[in-house]
Amino acid sequence: METAAKDVKQYGLITSEMDAEYHQAAFQMGLSDSALRILYVICLHGEESMLSEIVRLTGMQKQTVHSSLRKMEEEGLLRLLAAEGRRKKVCLTESGKELTRRSVLPLLQIEQDILSSWTQEEQDIYIQLNHRFLVQLREKMRTADFGGAV
């Protein structure tokens, strides 16, 4: 198997280490990775989010999201409400809001503190390059042939 080019390898290692840090944060909060990701997305939208947006933005399988949501609903952290048509909205309960205040908001503050320690130009470049990478990744993934790899 061919080794990855140096830049791709560095990028892969950095993103993997960042994922590991978020996993460690979830563990310290007493949350599963999926619960943290769901609460994070809801928090970015306020106190509620459409179910379809949670699935899309977490990148998790629909079944994984549904399983996590059911567990979180049983724990009294959120409610699933009917929206227009067959769509569903996920809303935090008071317990969910309190958990978010103790977990996700401090995590967002850490991220904000890091970005704020950079110049505005560095922040703009970081965001622009990440967005550009995402757009190009989406385009290339749509036409990629992975040879039926499982």
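Reply: To judge a helix by its length, take as its expected span 1.5 Å times one less than its number of residues. Keep in mind that this is a predicted model. Helix H4 covers residues 62-74, which is 13 residues, so at 1.5 Å a residue it should span 18 Å; the C-alpha atoms at its ends are 18 Å apart, in agreement with that.

Now for which way H4 faces. Val65, Ser68, Leu69 and Met72 are its buried residues. They take up an arc of only 100 degrees around the axis, which means they sit on the same side of H4. Turn to the other side of the helix and you find Lys71 and Glu74, both exposed.

What lies over that buried side? The cover for the buried residues of H4 includes two helices, H2 (33-45) and H3 (51-58), along with two strands, E2 (78-82) and E3 (88-92). Just after H4 comes glycine 76, with a positive phi of about 80 degrees.

Those two strands belong to an open sheet of three strands, in the order E1-E3-E2 and with antiparallel pairing. E1 (48-50) and E2 are the edge strands, and each has a single partner strand, so one side of each has no neighbour in the sheet. From one strand to the next, the twist averages 25 degrees. As a general point, strands in a sheet pair through backbone hydrogen bonds, in either a parallel or an antiparallel way. Here E1 and E3 pair in the antiparallel sense, over three bridges. If you want a spot to check on screen, serine 49 stands opposite valine 90 in E3.

Searching the whole structure turns up zero disulfides. Cysteine 43 is in no disulfide, and the nearest cysteine sulfur, that of cysteine 91, is 14 Å away; a disulfide would need the two sulfur atoms within 2.5 Å. Cysteine 43 counts as buried because its relative accessibility is 14%, the cut-off for buried being under 20%. Cysteine 91 is buried too, with a relative accessible area of 6%.

Conventions:
Residues are numbered from 1 along each chain as its sequence is written. This is a predicted model: local features need pLDDT of at least 70, side-chain atom pairs count only at pLDDT 80 or more; totals for chains, interfaces and linings use all residues. Side-chain values use heavy atoms; hydrogens and water are left out. Helices (H or I, at least four residues) and strands (E, at least two) are DSSP runs, numbered from the N terminus. Buried means under 20% relative accessible area, exposed over 50%, partly exposed in between (1.4 Å probe, protein chains only). The arc is that of the directions from the helix axis to the C-beta atoms. Contact means heavy atoms within 4.5 Å. Two strands pair if DSSP finds at least two bridges between them. Axes are lines fitted to C-alpha atoms, for helices over the stretch in contact, and angles run from 0 to 180 degrees between N-to-C directions.
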